[in-house]
Amino acid sequence: YQPARLSEKKAEEFQPITVQKDKLTILIAEDNESNYRLFQSILRKEYSLIHAWDGQEAIEKFKEHQPQIILMDINMPEMDGFETMEQLQGNDSYKSIPVIFLTADKSVETEMTCFQVGAIDFVGKPFVPEVLLSRVKKTLELEHYHMHLEDMVKEKTQQIKDIQERVIA
């Protein structure tokens, strides 16, 4: 398996978008230049993007940038998506990050493995750009609710107590 990597000269021109404080950050672990450019064209308007060519680089960039979500190819050199996911799941500070696996292997076995190793979603390649964008948005929305659920429950509980006190009084 030989990934479609950039030449040294081309790699200098092909820099990922810098992280912007007003945008959520997506780490894209993808070893194919064409696929990454497609992801860029779909996501860069709404999100900051960090790129990794393989799983090992993805873990390093995750530690450095703390993205809100990871889009991860399964078949990558050095460390594939499943191995990378195992590394993330093995560390308490990393395992809460939502991961969407991306792969051309649309077999039921692969899809099931994605969920068994902890992925939140699975997108087969080729995909419809609007569907990928919708899945990313929905995953981030659900993650936001998940992170703030306890605060939301406390707030609603207090609202109910306030209403009860007004009714009883």
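**Salt bridges and a surface patch**

K125 forms a salt bridge with D73, with 3.3 Å between the closest N and O atoms. This is a predicted model, in which local features need pLDDT of at least 70 and side-chain atom pairs count only at pLDDT 80 or more, while totals for chains, interfaces and linings use all residues. Residues are numbered from 1 along each chain as its sequence is written, and side-chain values use heavy atoms, with hydrogens and water left out.

Q: Why is the contact of K125 with D73 called a salt bridge?
A: The term requires a side-chain nitrogen of Lys or Arg within 4 Å of a carboxyl oxygen of Asp or Glu. The closest N and O atoms of K125 and D73 are 3.3 Å apart, so the pair qualifies.

Q: Which parts of the chain does this pair link?
A: K125 lies in the loop between β5 and α6, and D73 in strand β3 (residues 69–73), 52 residues apart. Helices (H or I, at least four residues) and strands (E, at least two) are DSSP runs, numbered from the N terminus.

Q: What makes E30 and K125 a salt bridge?
A: Their side chains meet at 2.8 Å, N to O, which is therefore within the cut-off. The pair links distant parts of the chain, 95 residues apart, with E30 in the loop between β1 (25–29) and α2 (33–43). E30, D73 and K125 are linked in a network of salt bridges.

Q: Why is K125 called buried?
A: Buried means under 20% relative accessible area, exposed over 50%, and partly exposed in between (1.4 Å probe, protein chains only). K125 has 12% relative accessibility and therefore counts as buried. E30, at 1%, is buried as well.

Q: Where do E33 and R37 lie, and are they buried or partly exposed?
A: Both lie in helix α2, four residues apart, about one turn of the helix. E33 has 13% relative accessibility and so counts as buried, whereas R37, at 38%, is partly exposed. Their side chains meet in a salt bridge (3.0 Å, N to O).

Q: How many salt bridges does a search of the whole structure find?
A: The search finds seven.

Q: What makes the nonpolar surface patch, and how does Y145 meet the accessibility condition?
A: L142, Y145, L149, M152 and V153 make a patch of about 460 Å². Patch residues have over 30% relative accessible area and no salt bridge; like charges are joined within 9 Å, and nonpolar side chains (Val, Leu, Ile, Met, Phe, Trp, Tyr) within 5 Å. Y145, found in helix α6, has a relative accessible area of 40%, so the accessibility condition is met. Accessible areas come from the Shrake-Rupley method with a 1.4 Å probe; for residues, only the protein chains shown count as cover.
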